[in-house]
Amino acid sequence: MEQHAMELIHWLGKSGAFAPVLFIFLHILRQFLFIPVGFICILGGVVFGVVFGTIYSIIGVTLVSVYFYALVKSLPKSFSKVMNMKERWFGKRSELSIGQITILRLVPFLHFHLISLCIIEIARNFKDYTKLSLYTNVPLAIVYTSFGSWLNKLTLHWMISILCILAVLFYVLRRKEWVYKWQDFFADAR
C-alpha cells in the first residue's frame with residue numbers, strides 16, 4: 001500500500017495544474033477501487049498541504065455523497081435492500097443525530113456509504129441531504145488531511161485511546177428522545 005501511495009503522490013505531483021481536478025476525480029473513483037476515504041484525504045494533505053488538501057477533499061467527498069444520493073434514489077429496490085441491511089447493523093429505531101454521524105465519519109473502518117444512508121434517512125430533500133453531507137464531511141477532510149503523516153505512525157495505544165474518546169462523544173451526542181409510532185409500539189401485542 002505504501003508503494004501505491006508513493007506512486008499516487010508522484011503521479012499527482014507531475015500533473016501540474018490538473019492535479020486538483022485529478023485528485024477530486026480520484027475521490028470519485030475511490031469507491032470503485034475500494035480505497036478508503038481516509039487514505040485519499042491523507043494523500044491530499046501530503047500533496048497539496050493542509051488547506052488546499054482539505055478544500056479538494058471536501059469537494060471530492062461531497063461530490064461522491066451527491067452521486068450516491070442520486071444513485072440510491074434512482075434504484076428504489078436496491079435502496080430498500082440496503083436500508084434493510086442498515087437496519088440489521090444499527091437497529092430498526094436507530095435514527096442517529098448529525099453529531100453522531102459526524103463522529104462515525106471519522107471512524108476509518110465504517111463504510112462511507114452506510115453512514116450516507118443515515119443522512120438520507122434524516123434529510124427531508126436533496127438540498128437538506130447535501131447540506132448535511134457537507135457538514136459531516138468537513139471534519140473528516142480536516143482531520144485526515146491535517147494529521148495524515150501522524151495517523152500513519154499511530155501506535156495501538158493511541159488508536160484505542162482515540163476510539164474511546166470517539167465512543168464517549170458518540171454517546172454524548174446521541175438523540176435524547178425517541179418517537180414511536182402507535183403501530184410499532186404495540187406491534188408485539190398483536
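This is a predicted model: local features need pLDDT of at least 70, side-chain atom pairs count only at pLDDT 80 or more; totals for chains, interfaces and linings use all residues.
**Note on helix packing and a nonpolar surface patch**

1. Residues are numbered from 1 along each chain as its sequence is written, and side-chain values use heavy atoms, with hydrogens and water left out.

2. The angle between α3 and α6 (residues 112-122) is about 55 degrees, and their axes lie 10 Å apart. Helices here are DSSP runs of H or I with at least four residues, numbered from the N terminus; axes are lines fitted to C-alpha atoms over the stretch in contact, and angles run from 0 to 180 degrees between N-to-C directions. The crossing of α3 and α6 is right-handed, that is, the near helix is turned clockwise from the far one by less than a right angle, anticlockwise being left-handed.

3. Helix α2 (residues 19-33) crosses α3 (residues 37-74) at roughly 55 degrees, the axes coming within 8 Å. That makes α2 oblique to α3. This crossing of α2 and α3 is also right-handed.

4. A nonpolar surface patch of about 650 Å² is formed by Phe25, Leu29, Phe32, Leu33, Tyr67, Leu71 and Leu75. Patch residues have over 30% relative accessible area and no salt bridge, and nonpolar side chains (Val, Leu, Ile, Met, Phe, Trp, Tyr) are joined within 5 Å; areas come from the Shrake-Rupley method with a 1.4 Å probe, and a salt bridge is a side-chain nitrogen of Lys or Arg within 4 Å of a carboxyl oxygen of Asp or Glu. The greatest contribution is from α2, with four residues; Tyr67 belongs to α3.

Definitions and conventions: Helices (H or I, at least four residues) and strands (E, at least two) are DSSP runs, numbered from the N terminus. Angles under 35 degrees count as roughly parallel, over 145 as roughly antiparallel, 65 to 115 as roughly perpendicular and the rest as oblique. Patches are made of residues with over 30% relative accessible area and no salt bridge: like charges are joined within 9 Å, nonpolar side chains (Val, Leu, Ile, Met, Phe, Trp, Tyr) within 5 Å.
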